Amino acid sequence: MEKIQHSHVQVRGLKLHVAQSGTGPKVVLFLHGFPEIWYSWRHQMIAVANAGFRAIAFDFRGYGLSDHPPEPEKASFKDLVDDVVALLDLLGINKVFLVGKDFGAVPAFMVAVIHPERVLGVITLGIPFLIPGPVGIQFDLLPKGFYILRWAEPGRAEADFGRFDVKTVVRNIYILFCRSELQVAGENEEIMDLVDPSTPLPPWFTEEDLEVYATLYQNSGFRTALQVPYRCSQLDYGITNPKVTAPSLLIMGEKDYFMKFPGMEEYMKKGIVKQFMPNLDITFMPEGNHFVQEQLPEQVNELIITFLNKD
């Protein structure tokens, strides 16, 4: 990781932690998911920098080494969109390739819809085109006890996570989210109870990786992280007739549990998603899970760099 430089920059009244690598004229901005952080992009940042691009990843507000907003319970996806644009302005970057994973795909899509003039292309991993409001997850179709519904309840995840240290919480979520089935707790269970403590970490995720994540989340806690994404996903951001016209790529693991969300496989495989992203290519990775960029970094890096060089 010696090629990655770190700094804090003042963005919209908050100090945000920014990691950068490379000095190429074209810029790639990586947007993390949960329980992820800038470090989730470690393999991609180095590869993209070595391919001649400038790679940037930052910890979202309230995550890792970035400041919490003054009122975390009021944070929303719109804050992340505004942070992205303000960060680009601060760094003097006019146009950018956006790469979003998990919920980080949502601000990528929103920036591409609201500020198309700033976007060279969009790559998302694990999530096809979704914008809260017009094209959002159908929460009413999700199974009762599903983690998204549980964590949307104020106080519930806090009580669940509070039984363990931060390292165990991150470990459990990584193990859970690697699986291809939906994470649904029974009536007298919490989400953390779904993981047997003896379950090993996946082979591509080391104890050292876990230590990095644990240290970053020990710093930030989960207060803002539970608000964005879980407690603001049903807000309507006033976006009507959304469309992303920039060249786009969706990288989807066939073993990603997101494939089991109601209607999602059909949405992607029947091309319905292209109504919103007419210039979208989709690559399905047969062995890929929810953390495909960490699980299969060489393959994902090749897909990303090929896309960047094409556009």
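A cavity here is a set of grid points where a 1.4 Å probe fits but cannot get out. Keep in mind that what you're looking at is a predicted model.

The largest cavity holds about 280 Å³ of space. Its lining counts 20 residues, and Phe103, Ile127, Ile137, Pro229 and Ser233 are the closest to its centre. By class, that lining splits into 16 nonpolar, 3 polar and 1 charged. Two helices, H4 (147-152) and H8 (223-230), each give at least two residues to it.

Pro35 belongs to the loop that runs between strand E3 (27-31) and helix H1 (42-50).

While you're checking backbone angles, stop at Asp102. Its phi is near 55°, which is positive even though the residue isn't glycine. You'll find Asp102 in the loop between strand E5 (96-101) and H3.

Now for the helices. Two packed helices are described by the angle between their axes and by the distance between those axes. Here are two pairs:

| Helix pair | Angle | Axis distance |
|---|---|---|
| H6 (166-178) and H7 (207-220) | about 120° | 9 Å apart |
| H2 (77-90) and H3 (105-114) | roughly 65° | within 9 Å |

Start with H6 and H7. Angles of 65 to 115 degrees count as roughly perpendicular and those over 145 as roughly antiparallel, so the H6 and H7 pair is oblique. Their crossing is right-handed. On the H6 side, the contact is made by Val166, Lys167, Val170, Arg171 and Tyr174, while H7 brings Glu207, Leu210, Glu211, Tyr213, Ala214, Tyr217 and Gln218. That gives 7 nonpolar, 1 polar and 4 charged residues in the contact.

What about the crossing of H2 and H3, right-handed or left-handed? It's right-handed. Phe77, Lys78, Leu80, Val81 and Val84 of H2 meet Val106, Pro107, Met110, Val111 and Ile114 of H3. Sorted by class, this contact has 9 nonpolar residues, no polar ones and 1 charged.

How values were computed: Residues are numbered from 1 along each chain as its sequence is written. This is a predicted model: local features need pLDDT of at least 70, side-chain atom pairs count only at pLDDT 80 or more; totals for chains, interfaces and linings use all residues. Side-chain values use heavy atoms; hydrogens and water are left out. Axes are lines fitted to C-alpha atoms, for helices over the stretch in contact, and angles run from 0 to 180 degrees between N-to-C directions. Helices (H or I, at least four residues) and strands (E, at least two) are DSSP runs, numbered from the N terminus. Angles under 35 degrees count as roughly parallel, over 145 as roughly antiparallel, 65 to 115 as roughly perpendicular and the rest as oblique. A crossing is left-handed if the near helix is turned anticlockwise from the far one by less than a right angle, and right-handed if clockwise. Contact means heavy atoms within 4.5 Å. Ala, Val, Leu, Ile, Met, Phe, Trp, Tyr, Cys and Pro count as nonpolar, Asp, Glu, Lys and Arg as charged, and the others, Gly among them, as polar. On a 1 Å grid over the protein atoms alone, a cavity is a set of points where a 1.4 Å probe fits but cannot get out, and a pocket is an open set with protein on both sides within 12 Å along at least five of seven lines; lining residues have an atom within 4 Å of a point. Grid points are joined across faces, edges and corners, and a volume is the space filled by probe spheres set on the points.
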